[in-house]
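Visitor: I have never looked at this structure before. Could you walk me through it?
Guide: Gladly; let us take it one question at a time.

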Amino acid sequence: MLDDVKVNILKRIASNGYTTVSDIVKEMGLTWGVAQWHLFWLENNGYIKSVKIHTTTIYVLNCVNVLRKLENFENNRRKEAKKTTDRE
């Protein structure tokens, strides 16, 4: 299931065109292992794909549908937050 970390990684890839594990570690303050795990999950679930260039692995969006899925996720999260606020 998508969570905030995975959504932030997808947003980074969408805005920059690609990312690396090192970029995620530096920019998000995650450990190397946690960053790799999230990237592994995103790749195994079809959100991104990895490409090895020399000794560096870069991660790119797998398809345009990922952006739609990301939008739907954020819209649903906003709706849930609004429902919670409306109940209070």
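Visitor: What share of the 88 residues of the protein chain counts as buried?
Guide: This is a predicted model, where local features need pLDDT of at least 70, side-chain atom pairs count only at pLDDT 80 or more, and totals for chains, interfaces and linings use all residues. Residues are numbered from 1 along each chain as its sequence is written, and side-chain values use heavy atoms, with hydrogens and water left out. Buried means under 20% relative accessible area, exposed over 50%, and partly exposed in between, with a 1.4 Å probe and protein chains only. Of the 88 residues of the protein chain, the buried share is 31%.

Visitor: In what order do the elements of the protein chain run from the N terminus on?
Guide: Helices (H or I, at least four residues) and strands (E, at least two) are DSSP runs, numbered from the N terminus. The protein chain has four helices and two strands. Starting at the N terminus, their order is α-α-α-β-β-α.

Visitor: At what angle do helix α1 and helix α2 pack?
Guide: Two packed helices are described by the angle between their axes and the distance between the axes. Axes here are lines fitted to C-alpha atoms, for helices over the stretch in contact, and angles run from 0 to 180 degrees between N-to-C directions. For α1 (residues 4-16) and α2 (residues 21-28), the axes are 12 Å apart and the angle is about 115°.

Visitor: Which residues make the contact of α1 and α2?
Guide: Contact means heavy atoms within 4.5 Å. From α2 come Asp 23, Ile 24, Glu 27 and Met 28, and from α1 come Val 5, Asn 8, Ile 9 and Arg 12.

Visitor: Which residues of α2 are buried, and why do they line one face of the helix?
Guide: Seen down the axis of α2, its buried residues fall within an arc of 160°, so they line one face of the helix. That arc is the one of the directions from the helix axis to the C-beta atoms. Their cover includes α1, α3 and β2. The buried residues of α2 are Val 21, Asp 23 and Ile 24.

Visitor: And which residues of α3 are buried?
Guide: Helix α3 (residues 32-44) has 13 residues and reaches 18 Å from its first C-alpha to its last. What covers its buried residues includes α1, α2, β1 (48-53) and β2 (56-61). The buried residues of α3 are Ala 35, His 38, Leu 39, Trp 41 and Leu 42.

Visitor: Is His 54 buried or exposed?
Guide: His 54 sits in the loop between β1 and β2. Its phi is near 55°, a positive value in a residue other than glycine. With a relative accessible area of 74%, His 54 is exposed.

Visitor: How many Å apart in space are Phe 73 and Val 7?
Guide: Phe 73 is also found in helix α4. Leaving aside neighbours within four places in sequence, Phe 73 is in contact with Leu 2 and Val 7. Phe 73 and Val 7 are 66 residues apart in sequence, while their C-alpha to C-alpha distance is 8.6 Å.

Methods
Expected span 1.5 Å × (residues − 1).
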